[in-house]
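Got your viewer open and a hand on the selection tool? Let's walk through this structure stop by stop.

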Amino acid sequence: MKNIETILVECKKNKFDPAIDGETKIKNSPGVYIICLCKDAELPQEKHCIAIKFKIFEGYRVLYVGQGRDLRTRDYKNHFNGNNAGRSTLRKSLGVLFGYTLVPRDKKENGKTKFNETDEKKLTQWMKKNLIMYFYPVLDYNEVEETLIQHFNPPLNLRKNDNP
């Protein structure tokens, strides 16, 4: 198992700014990622009733940590360029903070939800303007993700942390 310092050094090597970088900057491989708020970005304060405490990485407030079998597909396409919050915990959590209304994701009555097309577009635009991502291509991404969550306690991760 890798220690946190080694993981953080590797993450620092791979910064992705969706406002200026193309998706090919993200490796097409398994790995982990850290999503941070840009320096001037703010979450809607009136939408959440608790004070959010952030830990800092490279001068940015850590919002979310994730992992996947394909960093480019998971991070860029589902998070930053997605049109379906039903496939992204990050998008769904942000949309709820913005007060967007959830609608059924597909025609089946299965309880899966997303936001309407207009809100999904607004969310994508906001994310590309206000978020930065660091990533680390690594095969043991489940263990590394858990280490990062324990270290940062990111407020939008719904599992494995103790953030209210």
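The tour starts with the sheet, moves on to the helices and ends at the aromatic rings.

Before you click, note that this is a predicted model, where local features need pLDDT of at least 70, side-chain atom pairs count only at pLDDT 80 or more, and totals for chains, interfaces and linings use all residues. Residues are numbered from 1 along each chain as its sequence is written, and side-chain values use heavy atoms, with hydrogens and water left out.

**Stop 1: the sheet**

Helices and strands here are DSSP runs numbered from the N terminus, with at least four residues (H or I) for a helix and at least two (E) for a strand. Two strands pair if DSSP finds at least two bridges between them.

Select the five strands in the order β1-β7-β2-β4-β3: they make an open sheet with antiparallel pairing. Which strands sit at the edges? They are β1 and β3 (56–57), each of which pairs on one side only.

Now pick out β7, residues 131–137. Six of its seven residues are buried, so β7 is largely enclosed by the rest of the structure. Buried means under 20% relative accessible area, while exposed means over 50% and partly exposed is in between, using a 1.4 Å probe and protein chains only.

Look to either side of β7. Strand β1 (residues 15–16) is joined to β7 by two bridges, and the two run antiparallel. Strand β2 (residues 31–37) is joined to β7 by seven bridges, again antiparallel. Click Met133 in β7: Phe16 stands opposite Met133, and Ile35 stands opposite Met133 too. While you are here, a handy rule: in a regular strand the side chains alternate between the two faces of the sheet.

Slide over to β3, which two bridges join to strand β4 (residues 60–68), with the strands antiparallel. Select Ile56 and you'll find its bridge partner in β4, Arg61. Helix α1 (residues 4–12) packs on the sheet, where α1 touches β2, β3 and β7, and its direction makes about 120° with that of β7. Axes are lines fitted to C-alpha atoms, for helices over the stretch in contact, and angles run from 0 to 180 degrees between N-to-C directions.

**Stop 2: helix α3 and its surroundings**

Select α3, residues 89–97. Helix α3 lies across β2, β4 and β7, running at about 140° to β4. Which of its residues are buried? Colour Leu90, Arg91, Ser93, Leu94, Gly95 and Leu97. Their cover includes β2, β4, α2 (71–80), β6, α4 and β7.

At the meeting place, Leu90, Arg91, Leu94 and Gly95 of α3 face Glu120, Leu123, Thr124, Trp126 and Met127 of α4 in contact, which means heavy atoms within 4.5 Å.

**Stop 3: α2 against α4**

Show Tyr76, His79 and Phe80 on α2, and Thr124, Met127 and Lys128 on α4, to see the contact.

**Stop 4: the rings**

Aromatic pairs are rings of Phe, Tyr and Trp (its six-membered ring) with centres within 6.5 Å; planes under 30 degrees apart count as stacked, over 60 as edge-to-face and the rest as tilted. How many aromatic pairs does the structure hold? There are eight. The rings of Phe98 and Tyr100 have centres 5.9 Å apart and planes at 20°, so that pair is stacked.

Stay on Tyr100, which counts as buried because its relative accessibility is 17%. Tyr100 also pairs edge-to-face with Phe115, at 5.8 Å centre to centre and 75° between the planes. This pair links distant parts of the chain, 15 residues apart: Tyr100 is in the loop between α3 and β5 (102–104), and Phe115 is in strand β6 (residues 113–115).

Next, click Asp119 in helix α4. Asp119 counts as buried at 10% relative accessibility. Setting aside neighbours within four places in sequence, Asp119 is in contact with Tyr100 and Thr101.
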